[in-house]
Structure formats: structure tokens, C-alpha cells
Amino acid sequence: MPTRAIITGASSGLGAEMARQFAAKGHDLGLTARRTDRLEQLREEILAAHPDRTILVRALDVTDNDDVFTATTELTDGLGGLDRFIVNAGLGKGAPIGTGRFDANRETAMTNFVAALAQMEAAMQVFREQKTGHLVVISSVSALRGMRRAMTTYAATKAGVAALAEGIRSEVMGRPELSIDVSTIYPGYIRSEMNEKVEQEQKMMVDTQTGVRAMVAAIEARKAKALVPPWPWVPIGEVIKHAPLSVVRRLT
């Protein structure tokens, strides 16, 4: 069935491609990002291909917690309801802990965790009131273990949002009057603007369309948890979760 979905961080990368693919499946969308020029271009692109879709765009810095709630209300009203909220906005800055870049690590923590919490709160307020909905949280394969170098804080924030999602899932499972699904998506190496300068692990990197196609399939199936693309990340994920740390560090 067509859905009305909000996607944060939709101006580029995985968020923009999710918007394209969900629109192609007949879904109406509310798209947010800080860069409204990019959002407007994406809206025009989608409507040129799918003129019957409703595509709303709204400037939003997710670290402005109050505005997260305001934007969610505005877009929900504009779409005529809300079926799905995709917590996607994120930041990849970081440096090894103790090397003088607390500023970068803090910015990543505030964007990827605290701002994600605000988005989940805003979405769940809508879903609790209407007693139905689908909360989707974009985590990362890096969330499965502690990571080193520039990935330390990033991986920790992605583990944090996965734990938040599981906690929400646990709560709604015990509330039969609520028909709310919670999905946590763990992307592997998918080409995006966030990692376009990364040269390592190119053999496991898939293009944006292929990677997002796997993400969209998992979201549409309302999977509780999904490593995407399934190959090679499901088996690699098992290795990451259970291997000694001395082995895991070689993978990152």
C-alpha cells in the first residue's frame, strides 16, 4: 500500500536515493535537510518522473530539537497523515579519542544520537496518537562493535540509535492496542557523499542505487533488523559480532 513518509537528511546520498525509490513505488513524501536548494532540485526531479506524487520539502537542522517537532507536525499535516518516519540524517565526522578533536566527535554525537532521539520522539508522538505507524532507524554495520580511529564516535552513536530503536520495539510489542512497527537498518559499504573520499574496502562497496534498493526492500518488508545488502554483510556481521577484537580491528 502507498505510504506517507518523512525522510530526514534527504538532500543527498542514501536519503535522496531512498526518496527516489519510494516515490517510484507510489509513496508520498515529506523530505527534510539543511540544504533546501538540493531538496527543491530533488523534488523537481521526482515530480518530473512521477507527477502524481505529493512531495513536500522543509528546511530542517535536526540538531534544532524544537524544530524537529515543529517540522514533523507540519509535514504530517501537509501529507494528510504519517505512515512512516525514516530517521536518516547523520554525520560522519570523527577522530581518535584524545587527539584534540572533541569538537568533531561531539558534533557527530549530537547529530547522530541526540538529534535522532528527538526525531524518534516526534515520530512516536504521532504514531502513539494514531495507534499505528512505522519507525525506521538507519544505523550502520559499524554499530555491531566498537571501532577505532575516526570511526569510534560514529560507531558508538549508531549503536546507540539501534539500542533506542530496540527499546521502542520492545515497548510497543507489549501494547496490543498499538500497531507500530520499528525497523533498524544496518547499511554496509554503500557509496554516498559521506564516504566518497574513502578509498578502503572498495571491493565491498556497492553503488548507491544497489545499496538503497536493498534498504528499501528491508523497510518495505518491515523487518525488525536488517543488514544491507544481505551479501556480504549478513555473514560479515556475524564475524564482526563474535570475532576477537584483534580480528575486528583489521576489518576497519
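**Exercise 1.** In which hand does H3 pass H4?

*Solution.* Before starting, note that this is a predicted model, in which local features need pLDDT of at least 70, side-chain atom pairs count only at pLDDT 80 or more, and totals for chains, interfaces and linings use all residues. Residues are numbered from 1 along each chain as its sequence is written, and side-chain values use heavy atoms, with hydrogens and water left out.

Step 1: find the elements. Helices (H or I, at least four residues) and strands (E, at least two) are DSSP runs, numbered from the N terminus. Helix H3 covers residues 65–79, and helix H4 covers residues 102–130.

Step 2: describe the pair. Two packed helices are described by the angle between their axes and the distance between the axes. Axes are lines fitted to C-alpha atoms, for helices over the stretch in contact, and angles run from 0 to 180 degrees between N-to-C directions. For H3 and H4 the angle is about 35 degrees and the axes are 9 Å apart.

Step 3: read the hand. A crossing is left-handed if the near helix is turned anticlockwise from the far one by less than a right angle, and right-handed if clockwise. H3 passes H4 in a right-handed crossing.

Step 4: look at the contact (heavy atoms within 4.5 Å). From H3, the residues Asn 65, Val 68, Phe 69, Thr 72 and Thr 76 take part, and their partners in H4 include Val 114, Ala 118 and Val 126. The contact of H3 with H4 divides into seven nonpolar, five polar and one charged residue. Here Ala, Val, Leu, Ile, Met, Phe, Trp, Tyr, Cys and Pro count as nonpolar, Asp, Glu, Lys and Arg as charged, and the others, Gly among them, as polar.

**Exercise 2.** Describe how H4 packs with H5.

*Solution.* Step 1: helix H5 covers residues 152–173, and it packs with H4 at an angle of about 15 degrees, with the axes 8 Å apart. That makes H4 roughly parallel to H5. Angles under 35 degrees count as roughly parallel, over 145 as roughly antiparallel, 65 to 115 as roughly perpendicular and the rest as oblique.

Step 1: the crossing of H4 past H5 is right-handed. Among the H4 residues that meet H5 are Asn 105, Phe 113 and Met 120, while the H5 side includes Tyr 154, Leu 164 and Ile 168. By class, twelve residues of the contact of H4 with H5 are nonpolar, six polar and three charged.

Step 2: Arg 106 has its place in H4, and its C-alpha atom is separated by 10.0 Å from that of Tyr 154, 48 residues apart along the chain.

**Exercise 3.** How far apart are the end C-alpha atoms of H5, and what does H5 bury?

*Solution.* Step 1: the expected span of a helix is 1.5 Å times one less than its number of residues. H5 has 22 residues and should therefore span 32 Å; its end C-alpha atoms are 32 Å apart, which agrees.

Step 1: buried means under 20% relative accessible area, exposed over 50%, partly exposed in between (1.4 Å probe, protein chains only). The buried residues of H5 include Tyr 154, Gly 160, Val 161 and Ile 168. They pack against H4, strand E5, strand E6 (179–187) and strand E7.

**Exercise 4.** Which residues of H7 are buried?

Step 1: the buried residues of H7 are Pro 232, Trp 233, Ile 236, Gly 237 and Ile 240. These residues pack against E7 (225–228) and helix H8 (245–248).

Step 2: check the peptide bonds. The bond from Trp 231 to Pro 232 is cis, with omega near 10 degrees, and Pro 232 lies in H7. Another cis peptide bond joins Val 228 and Pro 229, with omega about -15 degrees; Pro 229 is found in the loop between E7 and H7.

**Exercise 5.** Where is Arg 149 found?

*Solution.* Step 1: Arg 149 is in the loop between E5 (132–138) and H5.

Step 1: its phi is near 55 degrees, a positive value in a residue other than glycine. At 41% relative accessibility, Arg 149 counts as partly exposed.
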